[in-house]
Amino acid sequence: MSKSLKRVIAALDEAGIPYDLREMPDSTRTAREAADAVGCALDQIAKSIVVEGEISGKLTLFVTAGGNRVCTETVAELLGEGTHPASGTRIREVTGFAIGGVSPVGHLNPIRAYFDPRLTDFEEVWAAAGTPRHVFGIAPDRLRRLCRGELADFVETDA
């Protein structure tokens with residue numbers, strides 16, 4: 001078992017939160033791959049998007065529904081600075097996860113998080129469990145509390 005997966009399981013177990021851990025036969029690197037593998041709606045996938053502040057250099061996690069895209073302008077307003085997608089190296093350095101397996105929980109270092117309200121429309125959502133082949137199902141309110149995600153509207157909308 002990988003160190004990343006162990007950290008996610010430990011975070012979930014320490015919180016005493018019920019969850020459903022699954023190992024998939026194929027990659028779940030994308031939200032579509034994960035939804036197809038689990039057999040759920042695309043928006044039930046809780047994607048972990050990590051951005052880096054252009055001035056502060058701080059990483060911020062945005063947990064969003066699988067079909068949504070993070071809005072760059074809204075993120076800049078929320079954080080008070082422009083951002084760019086964090087590099088794989090920075091993500092691994094701060095969270096301990098590689099891109100494609102970034103979990104919203106079990107990070108090496110604390111990271112500020114925002115949570116997409118769309119995820120609360122479901123009884124259960126699925127998130128990466130630290131590897132490209134592991135996911136866990138959890139109630140969205142429990143996931144939000146565990147990752148300390150602040151509910152915020154930060155996704156692109158059709159004009």
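**Salt bridges and their surroundings**

Modeller: Start with aspartate 36, which is exposed at 52% relative accessibility (buried is under 20% relative accessible area, exposed over 50%, partly exposed in between; 1.4 Å probe, protein chains only). The model is predicted, so local features need pLDDT of at least 70 and side-chain atom pairs pLDDT 80 or more, while totals for chains, interfaces and linings use all residues. Residues are numbered from 1 along each chain as its sequence is written, and side-chain values use heavy atoms, without hydrogens and water.

Aspartate 36 pairs with arginine 32 in a salt bridge, with the closest N and O atoms 3.1 Å apart (a Lys or Arg side-chain nitrogen within 4 Å of an Asp or Glu carboxyl oxygen). Why can these two meet? They lie four residues apart in helix H2 (residues 31–38), so about one helical turn separates them. Helices (H or I, at least four residues) and strands (E, at least two) are DSSP runs, numbered from the N terminus. Arginine 32 is partly exposed, at 42%.

Arginine 69 bridges to glutamate 156, with 3.6 Å between the closest N and O atoms. This pair links distant parts of the chain, 87 residues apart: arginine 69 is in the loop between E3 and H3, and glutamate 156 is in the segment after strand E8 (149–151). Arginine 69 is exposed at 58%. Glutamate 156 is partly exposed at 40%.

Asparagine 68 is in that loop too, between strand E3 (59–65) and helix H3 (72–79). Is asparagine 68 buried or exposed? It is buried, at 17% relative accessible area. Its side chain makes a 2.7 Å polar contact with that of aspartate 116 (N or O atoms within 3.5 Å, one able to donate a hydrogen and the other to accept it; sequence neighbours count only if both atoms are side-chain atoms). Leaving out residues up to four places away in sequence, asparagine 68 touches Asp43, Lys47, Asp116, Arg118 and Val155 (heavy atoms within 4.5 Å).

In total, the whole structure has 10 salt bridges.
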